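Subject: Structure for you to look at

Hello,

Here is the structure I promised. Please open it and keep it beside you while you read the notes below.

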Amino acid sequence: MGDAAAVLISGGLVAFPTETVYGLGADACNEVAVARIYSVKGRPADHPLIVHVASMDALGDWAADVPAYAIALARDYWPGPMTLVVRRSNLAADFITGGQDTVGVRVPNHPVALGLLEAFTKAGGKGVAAPSANRFGNVSPTTAQAVSDELSDYLGMGDVILDGGACAVGVESTIIDCTGEVPKILRPGAVTVAMIEESTGLVVSDGKIAKKNEIRVSGSLDSHYSPQATVVLDQSPEAGQGFIAMADVATPDGVVRLAAPQTHEEFARVLYSSLRAADEKGLATVVVIRPQGEGIVIAIYDRLERAAYRSAES
Ligand code: TXA
Ligand code: MG
């Protein structure tokens, strides 16, 4: 992992696996390297980036003021699929936070990510800024192949894609705003409301997603996470259309079954790769029957509503 850490230290980009999705990493203290993330992704420059660190010990480097409930969350769920938004320290420059006075920090739970972050820290690095390793607005990649399909035309000679297999969670981390009296979910994920309340002893604030323009979470744009195919929710599929539903839902004749997960966790894990498979097969439409429930299902609904939004508009 030393080679990849050296690439980061020298200002290159390293795409790496996490348990949620693959990230596109750069040294979070190097403005030029971070600027390349934005150009490779084609992402607007005022969207803030999550800083990835090797352990919660580094939270103090990036944060100015961490409430007790955020420490409880970090203890319970890091390394894990959770990003804490806290007041920033001077280390968190405007080019990371999009000029906001807060910064998002996460310790990912994946051996390759942790190995990279540890080697990077040993080499003197403070944190790795990493958005999901997709072009802006597209479905996040959950395999190294998907990263390569998304970004290889845009990456440079010295940049690296690390292969750590398929991501175990499959949807992006839960983002929790920790700047108020109580935690507030900005983006739902595998760390659920019940888990946050259990850890903090507090009631999570209303409004699962911050209102548009209130705070810049690009995943909170109405249309995001979209494949080329039109995504249609909760309808009967027709012959020739792609189909994603729980295993107990039968496949009608002539329909192209893309996934038949047995559990909600498996649904989240295979969702993005199944949407990509629809594009690879050149399908015009994918019908998704959403599972019923709580927990990770909230994150599945969130992503699918955005994936379907563009379709509903056009
Ligand atoms: O699971 C994940 O979180 C993945 C992996 C790679 O860690 N990363 C990820 O990054 O999903 P990205 O940039 O695709 O999405 C992070 C979201 C963005 O929508 C960004 O606007 C929001 O987090 N964000 C980052 N810092 C923030 C802050 N200070 N305040 C509010 N939102 C923030
Ligand atoms: Mg993203």
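**What I found**

Asp234 sits in the loop between E11 and E12. Helices (H or I, at least four residues) and strands (E, at least two) are DSSP runs, numbered from the N terminus. The phi of Asp234 is near 55°, a positive value in a residue other than glycine.

Before going on, note that this is a predicted model: local features need pLDDT of at least 70, side-chain atom pairs count only at pLDDT 80 or more, and totals for chains, interfaces and linings use all residues. Residues are numbered from 1 along each chain as its sequence is written, chains are lettered from A and ligands numbered from 1 in the order in which they are written, and side-chain values use heavy atoms, with hydrogens and water left out.

**The sheet**

E11 belongs to an open sheet of four strands, in the order E11-E14-E12-E13, with parallel pairing. Two strands pair if DSSP finds at least two bridges between them. E11 (230–233) and E13 (256–259) are the edge strands, each pairing on one side only. From one strand to the next, the twist averages 30°. Strand E12 (residues 242–244) pairs with E13 over three bridges. Phe243 has Arg257 of E13 as its bridge partner. Helix H9 (residues 264–280) lies across E11, E12, E13 and E14 (285–288). H9 runs at about 140° to E13.

**Two packed helices**

H1 (residues 2–9) packs on H6 (residues 111–122) at about 60°, with the axes 8 Å apart. Axes are lines fitted to C-alpha atoms, for helices over the stretch in contact, and angles run from 0 to 180 degrees between N-to-C directions. Contact means heavy atoms within 4.5 Å. H1 brings Gly2, Ala4, Ala5, Leu8 and Ile9 to the contact, and H6 brings Leu116, Ala119 and Phe120.

**A salt bridge**

The whole structure has 10 salt bridges (a side-chain nitrogen of Lys or Arg within 4 Å of a carboxyl oxygen of Asp or Glu). One of them joins Glu19 to Arg106, with the closest N and O atoms 3.0 Å apart. Glu19 is in the loop between E1 (14–16) and E2 (23–27) and Arg106 is in E6 (residues 102–106), so the pair ties together parts 87 residues apart in sequence.

**A cis peptide**

Trp78 and Pro79 are joined by a cis peptide bond, with omega about -10°. Pro79 lies in the loop between H4 (68–77) and E5 (82–88). Most peptide bonds are trans.

Best wishes
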